[in-house]
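Student: Could we go through this model together and check what stands behind the labels we use for it?
Tutor: Gladly; let's take the labels one by one.

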Amino acid sequence: MLSPIRAKTLDNDHFFDAVLPAPGACARFHRDEEIFGEGEAADYVYQVVSGSVRTYRILRDGRRQIDEFHFAGDYFGLEMTETHRINAEAMSDATVRMIRRGALSDLAAQRGDAARALFRLTAEGLQRCQDHVLMLGRRSAQERVVGLLLDIAARTRADAELDVPMSRQDMADYLGLTIETVSRTLTALQEEGLIALPTVRHMVLKDRRALERLVA
């Protein structure tokens, strides 16, 4: 199962709250509204305050590859270059904190704890990217779908009742599958008694241990 990208520095889940003297400004975005686009200036680093965000690329053949899902507390848009390499959209109505990249650079130059925190955040993002590549190359469709459900549960601190903000197409574009394969896999898991699907965006993990064994 993928490990969530969450800032865990200074014994505090709220990474920037711990290292910045003041929070950045917040902006609200509606479902499917663009936050930034590929090639735009990467002047800010972003934190999801509420709601959820997807980051993605459009491939040369027009297909969409979702890079990551981001939930409350997660950070995104931290780039190594001066422009964004991906697009970001609100998956649901979302509030996003915007922190000036220049302010972070200045802070990191002045404070060792901030520099270490930024390094760790970057390293965790790289690790998650590597895990995603491994998942796409080595796991079956069932393992990918189950791994994603467990990952969402862990990152949103859900127990059995799981609100899923992404569509089936979002899942497919993240997992490297077709929407039909995602739907068939979820139906099969339901028929096996491992999950329940009361609605399209709400799931119940009925046998979490069995699900975890599928991706062990």
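Student: Let's begin with D32. Why is D32 called partly exposed?
Tutor: This is a predicted model, and in it D32 has a relative accessible area of 46%. Buried needs a value under 20% and exposed one over 50%, so D32, at 46%, falls in between and is partly exposed. D32 lies in the loop between β1 (25-29) and β2 (34-36). Its backbone is worth a look too: D32 has a positive phi of about 70°, although it is not a glycine.

Student: What makes R157 count as exposed?
Tutor: The relative accessibility of R157 is 57%. The cut-off for exposed is over 50%, so R157 counts as exposed. You will find R157 in the loop between α4 and β9 (161-163). Phi of R157 is near 60°, again a positive value in a residue other than glycine.

Student: Now to the rings. How many aromatic pairs does a search of the whole structure find?
Tutor: The search finds five.

Student: Why is the pair of Y46 and F76 called stacked?
Tutor: Their ring centres are 5.3 Å apart and their planes meet at 15°.

Student: What does the pair of Y46 and F76 tie together?
Tutor: Y46 lies in strand β3 (residues 44-50) and F76 in strand β6 (residues 75-76), so the pair ties together parts that are 30 residues apart in sequence. Y46 and F76 also belong to one aromatic cluster with F36 and Y44.

Student: How do you know that Y46 is buried, and what about F76: buried or exposed?
Tutor: Y46 has a relative accessible area of 5%, and F76 is at 3%. Buried means under 20%, so Y46 is buried and F76 counts as buried as well.

Student: Why is the pair of F69 and Y174 called tilted?
Tutor: The centres of these rings are 5.0 Å apart, with the planes at 45°. Stacked would need under 30 degrees and edge-to-face over 60, so at 45° the pair is tilted. F69 lies in strand β5 (residues 64-71) and Y174 in helix α5, so the pair ties together parts that are 105 residues apart in sequence. Both F69 and Y174 are buried.

Student: What makes us say that R64 lies over the face of Y56?
Tutor: R64 is at 5.9 Å from the ring centre of Y56. The distance cut-off is within 6 Å, and R64 does lie over the face of the ring.

Student: How do you know that the span of helix α6 agrees with its number of residues?
Tutor: Helix α6 (residues 179-191) has 13 residues, which should span 18 Å at 1.5 Å a residue; the end C-alpha atoms are 18 Å apart, so the two agree.

Student: Which residues of α6 are buried, and why do we say they line one face?
Tutor: T181, V182, T185, L186 and L189 are buried. Seen down the axis of α6, the buried residues fall within an arc of 130°, so they line one face of the helix. R184 and E191, on the other side, are exposed. What covers the buried residues includes α4 (141-155), α5 (168-175), β10, β11 and α7 (208-214).

Student: Why do we say that β10 and β11 pair?
Tutor: Strands pair if there are at least two bridges between them; β10 (residues 195-199) and β11 (residues 202-205) have three, in the antiparallel sense. A hairpin of two residues joins β10 to β11, and T199 stands opposite H202 in β11.

Note on methods. Residues are numbered from 1 along each chain as its sequence is written. This is a predicted model: local features need pLDDT of at least 70, side-chain atom pairs count only at pLDDT 80 or more; totals for chains, interfaces and linings use all residues. Side-chain values use heavy atoms; hydrogens and water are left out. Helices (H or I, at least four residues) and strands (E, at least two) are DSSP runs, numbered from the N terminus. The expected span of a helix is 1.5 Å times one less than its number of residues. Buried means under 20% relative accessible area, exposed over 50%, partly exposed in between (1.4 Å probe, protein chains only). The arc is that of the directions from the helix axis to the C-beta atoms. Contact means heavy atoms within 4.5 Å. Rings of Phe, Tyr and Trp (its six-membered ring) pair if their centres lie within 6.5 Å; planes under 30 degrees apart count as stacked, over 60 as edge-to-face and the rest as tilted. A charge sits over a ring if NZ of Lys or CZ of Arg is within 6 Å of the ring centre and within 35 degrees of the ring normal.
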